[in-house]
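Here is a set of questions and answers about how the words used for a protein model rest on its values. Please look at the sequence and the structure first, and then read on.

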Amino acid sequence: MGRGRTPPYPAHPEWTTSRFWSFIRGALRAKFRSWPEKYVVKAAARHVALDGTYKTGRHKGEPKYSNRYECAVCSGLFMDKDVEVDHIIPAGSLKCKEDLPDFVDRMFCSAEHLRVVCKPCHKEITAAERKKK
């Protein structure tokens with residue numbers, strides 16, 4: 001083993017233990033994308049905004065609306081592509097079998113433990129949490 005490498009994972013020695021738990025963590029995070037509570041939080045933060053009028057086509061001159069989401073940190077309104085759902089209590093790390101139950105409980109939590117934040121605020125929150133470690 002090289003410097004800083006974790007031992008091989010017993011069931012698949014080609015992977016380190018660290019790589020295995022990274023794989024599991026990624027799979028759980030991917031499933032969070034379709035977690036229903038995430039959409040409850042997004043719906044609560046949604047505002048319908050008037051984006052002017054249609055310029056061409058059969059709806060020309062009619063009002064054009066779009067969804068905006070309010071950031072729980074800065075209160076700005078952002079398009080869907082510019083917001084993320086943040087865990088108020090961080091999901092934490094997943095480095096071994098013993099971490100799994102708590103990680104899953106924190107990852108798949110109720111809507112009251114989630115919030116919609118804009119990407120810049122989420123980046124700052126994440127950086128601050130990593131500094132604490």
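Q: What does Val41 touch, if residues up to four places away in sequence are not counted?
A: Val41 touches Ala111, Leu114, Arg115 and Val116, where contact means heavy atoms within 4.5 Å. The model is a predicted one, in which local features need pLDDT of at least 70 and side-chain atom pairs count only at pLDDT 80 or more, whereas totals for chains, interfaces and linings use all residues. Residues are numbered from 1 along each chain as its sequence is written, and side-chain values use heavy atoms, with hydrogens and water left out.

Q: Why does Val41 count as buried?
A: The relative accessibility of Val41 is 9%, and buried means under 20% relative accessible area, exposed means over 50%, and partly exposed lies in between (1.4 Å probe, protein chains only); Val41 therefore counts as buried.

Q: Why does Arg115 count as partly exposed?
A: Arg115, which lies in strand β7, has 24% relative accessibility, and so it counts as partly exposed. Leaving aside neighbours within four places in sequence, Arg115 is in contact with Val41, Ala72, Val73, Glu84, Val85, Asp86, Ile88 and Ile125.

Q: How do you know whether Ser75 and Arg5 are exposed or partly exposed?
A: Ser75 has a relative accessible area of 46% and is therefore partly exposed, whereas Arg5 has 51% and is therefore exposed. Ser75 is placed in the loop between β4 and β5 (77-78), and Arg5 is found in the segment before β1 (8-9). Ser75 also has a positive phi of about 65°, although it is not a glycine.

Q: Why are α1 and α3 called roughly parallel?
A: Helix α1 (residues 17-32) and helix α3 (residues 100-107) pack at an angle of about 20°, with their axes 11 Å apart. Axes are lines fitted to C-alpha atoms, for helices over the stretch in contact, and angles run from 0 to 180 degrees between N-to-C directions. Angles under 35 degrees count as roughly parallel, over 145 as roughly antiparallel, 65 to 115 as roughly perpendicular and the rest as oblique; α1 and α3 are therefore roughly parallel to each other.

Q: Which residues of α1 and α3 meet, and how many of each class are in the contact?
A: From α1, Ile24, Arg25, Leu28, Arg29 and Phe32 meet Leu100, Phe103, Val104 and Met107 in α3. By class, this contact of α1 with α3 has seven nonpolar, no polar and two charged residues, where Ala, Val, Leu, Ile, Met, Phe, Trp, Tyr, Cys and Pro count as nonpolar, Asp, Glu, Lys and Arg as charged, and the others, Gly among them, as polar.

Notes
Helix = DSSP H or I, 4+ residues; strand = E, 2+ residues; numbered from the N terminus.
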